[in-house]
Amino acid sequence: MPPVIRLRCTGMGLFMHDTVHPLLLIGHGTRDADGRETFLEFAAAYQHFDPARPVVPCFLELTAPSIQAGVDRCIELGYRDLTAVPLLLFAARHNKFDVTNELDRARERHPDLVVHYGGHLGITAGLIELWQERLARLDEHSDIPRSETLLLFVGRGSSDPDANGDACKMARLLWEGSGYLGVEVCFIGITHPRLEQGFERAWTWGAKRVVVLPYFLFTGLLVKRIQETAALQQTLHPQVAVQALDEIGLDPVLFELLRRREQEAREQRVAMNCEMCKFRRAVSAVHGSGHARNHGHSHSHGHDHNHDHPPADPYADLSAYHGLAWQAP
């Protein structure tokens, strides 16, 4: 069937025709059955939140359906023009490189396919307010004031310094003016300092309470590991109250933010920080600074997907990367 035509009301109260374009909602993927199911539940909830067009969920890796299967599903439904949005918190290799390469593959298999690629969720006022509200609710169940409480912000961790830097920025924004004793940032994988190091640094503050904030969208093996580690640390340090928050989950804030990213993609208004992009810098080193201005991401986000990346990720060797690019204090 060809795409249907719907009527939508504009902000001026006028009606206009608008062709429906499906949303290819791309998750990271997980081997954890609970994590996979939660993402699919989120996709269904978002479809209910905004039923104007089909929402087709898929995953980048680790589980099915794949991005290729998701694109094929859109084709089966009769669409040749779609919006693809990666449901990822920060800009790193996955949305800069891996997802876009998968979309390139899909365009090779379907030459008439048009893809409007959206941006990651990023740092927004909505997400900051979400965590502020959750921290406030947590305070209601503790007699220990914020002045004697340390925040332990736990990120996923990435081989991309840009994403790790944004995690640190988010943690700082949550702490600034909050009244908490301090904030420590650590990561559960890929980079350093790791979660265990984060707890070691947390104890040096002499806080009476440590609040663990897992900065993840949905549950999964890593989130469960964070919760288990927090419980173990509570056992080892009974004199300090250790409280672990849940991951973001199916929060309405995500629905509003995702709709914004979807609209930005359709209107070609996606913005990314190309200046600090490691892929741009890698291409610049190979081809010269002039070429770097057109480094393959098409961050004007038409989105052409005409990548001109080097054949291999120069940061793929994590041992070399950690040795040269990241030195944890």
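**View 1. Contacts across the whole protein.** Of the contacts (heavy atoms within 4.5 Å) in the protein with a separation of 6 or more, 76% are between residues 24 or more positions apart. The model is predicted: local features need pLDDT of at least 70, side-chain atom pairs count only at pLDDT 80 or more, and totals for chains, interfaces and linings use all residues. Residues are numbered from 1 along each chain as its sequence is written, and side-chain values use heavy atoms, with hydrogens and water left out. The protein has 329 residues, of which 51% are buried (under 20% relative accessible area, with a 1.4 Å probe and protein chains only).

**View 2. The open sheet.** The protein contains 11 helices and 10 strands; these are DSSP runs, helices being H or I of at least four residues and strands E of at least two, numbered from the N terminus. Four of the strands make an open, parallel sheet in the order β4-β3-β5-β6, where pairing requires at least two DSSP bridges between two strands. Because β4 (55-59) and β6 (114-117) are at the edges with a single partner strand each, one side of each has no neighbour in the sheet. From one strand to the next the twist averages 25°.

**View 3. The pairing of β5 with β6.** Four bridges join β5 (residues 81-86) to β6 in the parallel sense. L82 is opposite V115 in β6.

**View 4. Helices on the sheet.** Helix α1 (residues 33-49) packs on the sheet, touches β3 (23-27) and β4, and makes about 160° with the direction of β4. Angles run from 0 to 180 degrees between N-to-C directions, with axes fitted to C-alpha atoms, for helices over the stretch in contact. Helix α2 (residues 67-76) lies across β3, β4 and β5 and runs at about 160° to β4.

Conventions: Buried means under 20% relative accessible area, exposed over 50%, partly exposed in between (1.4 Å probe, protein chains only).
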